[in-house]
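Colleague: I would like to learn how to read helices and their packing in a model. Can you take me through one?

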Amino acid sequence: MKNIFKKVAPLALAALMLVGCEKEYLETSPNSEVPNELVFATTDGALVGLNGIYRFMWDSEDHDKFGQKALDIAMDYMGTDMFTPVRGYGWYVADYNLSSITSTTATSRSGYAWRHYYRVIFNANNLIANIDNATGPQADKDYIKGNALTLRAYAYFYLVNLYQHTYKGHENAPGVPLYTEPNAAEGKARGTVQEVYNQIVADLSAAEALLDGKARKVTPSHINVNVARGLHARVALQMEDYATAAVKANAARQGRTLMNATTYVNGFSTHNTEWIWGLQIPNDQATIYASFYSHMDNTAGGYAGLGSTKLVAREIYDAMADGDVRKTLVQAPLANPTDNDYENYTSFKFRKPLTSSWQGDYVLMRASEMYLIEAEALARLGRDAEAVALLETLVKARYAGYTAPATSGQALIDEILMQRRIELWGEGFQLLDMKRLNRDLNRTPGDPKEGYHNAGLAIVLNRPITDNAFLWRIPQTEIDSNDQLSASDQNP
């Protein structure tokens, strides 16, 4: 890990990003370093540094590398429910055929994810270690530390799930190097999956206590107690700790209102009452082609609209009832679509709010996810009636005529999981869900106009989810520079 930590400048430099928009603001340069003591002298200075982390989480490094939402697209492309019929400009094709995660280069998807999440961790560690000595109100110190602890947990959660199999049954497997102090002088070995999860849960529990009762200073980018609880619910679900998942999901959604059918149509580019967490992007700092909307808005002149159309797999489309607002956001199949028609099964879920601007916020967590987590957890705990009530509350907001087709047992769980796939399509949950559910990759090949995967483009149609080919590779630069890692520590 020395490679990452030696090349990342102090947190203060991230703060400068808000003013200068310097792309390589995390690279150390003798003339650009700002002493930490200046950043952390006051809570106001530390807040600017915190804002720098959030800015980094959506900043673009390349046209398929623009923070968390770029990784969300990649993780969904690695599953079954989202695909493109043609190569187009080539972005994300390597993710779709699963070759981007087998590369050990720093510029590959696996290299980018490693670098991205550890930079969040590095900056969070700086805040956590220094904020208590800053001048300012104690409430602000608690707020900043709570945000930083949650960000560190969030980053480790993705790292441990991408670079190793899921939690259950792999507790003693090698996870990722675990750093909780800033400016690490020495590299560290891969901690076990259990050790990484222990740190994640500890960080989230501490953050919840610090953030309880404190209002956001920046909405929706900053983290409040609902976000910390929502992340805790995600973590508990992945751990199959269903009792905790249900409690935390319920707490996370308090105060949030589900979008109705009308609001849902335009509910994915600007934060609203259902959003628990998102990244607010200033109008003048949108990253244009290197952005989520460029790749996901099939109606705009970005990569999606220019050829790399994002389609909904037929299985998902067919599972939605006629009259469900979510189905209206997918191009209904035409027998003979022409060049003037949208391709069959084209998604219209994600659209820029204005045709004249690339500005649009990035959603990271919604109340609907919490309903689904709570419903699934309760169903697995045998509390079927409560699970059915939650499921019907959610789906009725999208389709008033919905009644759960199953009310108990595995059939109920299966329905909840299908509604999860429908509701959260395109939001980055597919790969981690496949891992925790032990659901193998199974892509139906055929004509994309009929909602099936183009076998020549997908290449990989079937693969057991426990196959080590699903493990993202540690960058070779990390293996070479971290004296606690060797070639034998690389994922097989």
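Modeller: What follows goes through helices, helix pairs and some backbone details.

Modeller: This is a predicted model, where local features need pLDDT of at least 70, side-chain atom pairs count only at pLDDT 80 or more, and totals for chains, interfaces and linings use all residues. Residues are numbered from 1 along each chain as its sequence is written, and side-chain values use heavy atoms, with hydrogens and water left out.

Colleague: How many residues does helix α4 have, and what does it reach from its first C-alpha to its last?

Modeller: First the terms. Helices (H or I, at least four residues) and strands (E, at least two) are DSSP runs, numbered from the N terminus. The expected span of a helix is 1.5 Å times one less than its number of residues. Now the case. Helix α4 covers residues 43-56, which makes 14 residues. Its reach is 20 Å, close to the 20 Å expected.

Colleague: Which residues of α4 are buried?

Modeller: Buried means under 20% relative accessible area, exposed over 50%, and partly exposed in between, with a 1.4 Å probe and protein chains only. In α4, 10 of the 14 residues are buried, and the helix is mostly covered. Among them are Ala46, Leu47, Leu50, Ile53, Tyr54, Arg55 and Phe56. Two glycines, Gly49 and Gly52, are also on the buried list.

Colleague: How many residues of α7 are buried?

Modeller: Helix α7 (residues 109-130) has 22 residues. Its end-to-end C-alpha reach is 32 Å, close to the 32 Å expected. Of the 22 residues, 20 are buried, so α7 is largely enclosed by the rest of the structure. Take Asn126, which lies in this helix. Asn126 is buried, with a relative accessible area of 0%. Asn126 and Ala148 are 22 residues apart in sequence, yet 8.8 Å apart in space, C-alpha to C-alpha.

Colleague: Next, packing. At what angle do α10 and α16 pack?

Modeller: Axes are lines fitted to C-alpha atoms, for helices over the stretch in contact, and angles run from 0 to 180 degrees between N-to-C directions. Angles under 35 degrees count as roughly parallel, over 145 as roughly antiparallel, 65 to 115 as roughly perpendicular and the rest as oblique. Helix α10 (residues 225-239) and helix α16 (residues 367-380) pack at about 40 degrees, with axes 11 Å apart. The pair is therefore oblique.

Colleague: Which residues make that contact?

Modeller: Contact means heavy atoms within 4.5 Å. From α10 come Gly230, Ala233, Arg234 and Leu237, and from α16 come Glu369, Met370, Ile373 and Glu376. For classes, Ala, Val, Leu, Ile, Met, Phe, Trp, Tyr, Cys and Pro count as nonpolar, Asp, Glu, Lys and Arg as charged, and the others, Gly among them, as polar. The contact of α10 with α16 has four nonpolar, one polar and three charged residues.

Colleague: What about α16 itself: how many of its residues are buried?

Modeller: In α16, 13 of the 14 residues are buried, so the helix is largely enclosed by the rest of the structure. The end C-alpha atoms of α16 are 20 Å apart, in agreement with the 20 Å that its 14 residues should span. After α16 comes Gly382, with a positive phi near 85 degrees.

Colleague: Are α16 and α17 roughly parallel or roughly antiparallel?

Modeller: They pack at about 160 degrees, with axes 8 Å apart. α16 and α17 are therefore roughly antiparallel. Residues meeting here include Tyr371, Leu372 and Leu378 in α16, and Leu390, Leu391 and Leu394 in α17. By class, the contact of α16 with α17 divides into nine nonpolar, two polar and three charged residues.

Colleague: And at what angle do α17 and α18 pack?

Modeller: Helix α17 (residues 384-396) and helix α18 (residues 409-423) pack at about 25 degrees, with axes 11 Å apart. They are therefore roughly parallel. The contact includes Ala387, Val388 and Leu391 of α17, with Leu412 and Ile416 of α18. The contact of α17 with α18 has six nonpolar, two polar and two charged residues.

Colleague: Last, the backbone. Which residues does a cis peptide bond join?

Modeller: Thr219 and Pro220, with omega about 0 degrees. Pro220 sits in the loop between α9 (193-211) and α10.

Colleague: What is phi of Tyr92, and what is phi of Leu98?

Modeller: Phi of Tyr92 is near 75 degrees, a positive value in a residue other than glycine. Tyr92 is in the loop between β1 (82-83) and α6 (93-96). At 2% relative accessibility, Tyr92 counts as buried. Leu98 has a positive phi too, near 70 degrees. Leu98 is in the loop between α6 and α7, and counts as buried at 2% relative accessibility.
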